[in-house]
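User: Hi, I've got a structure open and I'd like to talk it through. Can you take my questions as they come?
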Amino acid sequence: MCGRFSAATQPSLLAERFRAEPLGVEGHQPSWNVAPTSDVLVVTASGDGARRLRELRWGLVPKWAKDPSTGNKMINLRAETTRSKPTFTRLLARQRCIIPIDGFYEWQDMGKGHRKQPIYITAREPQPLALAGLWENWHDRSAADAGDRQEAGGGLWTCTILTTTPNTLLASVHNRMPVILPPDTWDTWLDPANTDTDALGALLVPAPDDLLACWPVDPAVGNPRNNRPELLRPLEGHQPRTVDRS
């Protein structure tokens, strides 16, 4: 899974990189320890194909959910699930997004008697990673049933990160990794006219082995109240681990 990540790149730079119009994100603050239910920057496309950079809450709340707490358990969604359950197949067909991040954390099992070690994973060459995501707009049905009116465009906008099997670098760290979309797939992924779930599902694969680097970091990242750039530094005596294509 992907339960924490860093996202400190300025919204203006993300808007330029993803050719997206920034909407209400001017005050978005950088974070080196993004936790579930946080507001995160997301790239979506409207019906006419125009891209927007906006804030969505991390943790998908499906339309059928009784309350927003459902999103606490849906920060990630297995890529395989998008093809097997109608609810998520619908989202794959029509409600896709890109979640730009600088890097993400996984906790490596160090064996019996040892606490798990947080590992930071990022691109070998400094650049934002484009995670594949899905979005949803949830409305409180109980409020609607009580006669309350909801404004057009309202509701709770949420997102989830799609995960897949790990590549060679991450196989020793965790049994899942987020889907990282290469730039040549962004147009296909965000195209609102593309509803071919088979073709879209084919994009949900592990990242190339030579894309990423990783290293152990301070266990302080386990507390979401700790949020500073120093969290990304390798532990003393450790160098970044990489894998080259064979």
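Analyst: Let's start with a definition. Buried means under 20% relative accessible area, exposed means over 50%, and partly exposed is in between. Keep in mind that this is a predicted model.

User: OK, so is glutamate 80 buried, exposed or partly exposed?
Analyst: Glutamate 80 has 39% relative accessibility, so it counts as partly exposed.

User: What does the side chain of glutamate 80 meet in a salt bridge?
Analyst: Its partner is arginine 78, at 4.0 Å from N to O. Arginine 78 is partly exposed, at 44%.

User: How many salt bridges does the structure hold?
Analyst: Eight. One of them joins arginine 19 and aspartate 187, with the closest N and O atoms 3.1 Å apart. Arginine 19 sits in the loop between helix H1 and strand E2, and aspartate 187 is in helix H5. They are 168 residues apart.

User: Which residues are linked with arginine 19 in a network of salt bridges?
Analyst: Arg51 and Asp187. Arg19 itself is exposed, at 55%, while aspartate 187 is partly exposed, at 46%.

User: And what does arginine 83 form a salt bridge with?
Analyst: Aspartate 198, with the closest N and O atoms 2.9 Å apart. This pair links helix H2 to helix H6, 115 residues apart.

User: New topic. Which strands form the open sheet?
Analyst: There are six, in the order E3-E1-E8-E9-E13-E14, with antiparallel pairing. Strands E3 and E14 stand at the edges with a single partner strand each, so one side of each has no neighbour in the sheet.

User: How many bridges pair E8 and E9?
Analyst: Six, in the antiparallel sense. Glycine 103 stands opposite threonine 122 in E9.

User: Now rings. How many aromatic pairs are there?
Analyst: The count is six. In one of them, tyrosine 105 and tyrosine 120 have ring centres 5.1 Å apart and planes at 50°, so the pair is tilted. Tyrosine 105 lies in strand E8 and tyrosine 120 in strand E9, so the pair ties together parts 15 residues apart in sequence.

User: Is tyrosine 105 buried or exposed?
Analyst: Buried, at 0%. Tyrosine 120 is buried too, at 3%.

User: What about tyrosine 120 and tryptophan 215?
Analyst: They form a tilted pair, 5.7 Å centre to centre with 55° between the planes. Tryptophan 215 is in strand E13, 95 residues from tyrosine 120. Both are buried.

User: Which residues form one aromatic cluster?
Analyst: Tyr105, Trp107, Tyr120 and Trp215.

User: Last one. Where does arginine 54 lie?
Analyst: Arginine 54 is over the face of tryptophan 157, 4.3 Å from the ring centre. Arginine 96 lies over the face of tryptophan 189, at 5.7 Å.

Conventions:
Residues numbered from 1 in each chain as written. Predicted model: local features only at pLDDT ≥ 70, side-chain atom pairs only at ≥ 80, totals over all residues. Heavy atoms only, no water. Phe/Tyr/Trp six-rings, centres within 6.5 Å; stacked < 30°, edge-to-face > 60°. Helix = DSSP H or I, 4+ residues; strand = E, 2+ residues; numbered from the N terminus. Buried < 20%, exposed > 50% of the residue type's maximum accessible area, 1.4 Å probe, protein only. Lys NZ or Arg CZ within 6 Å of the ring centre and 35° of its normal. Pairing = 2+ DSSP bridges.
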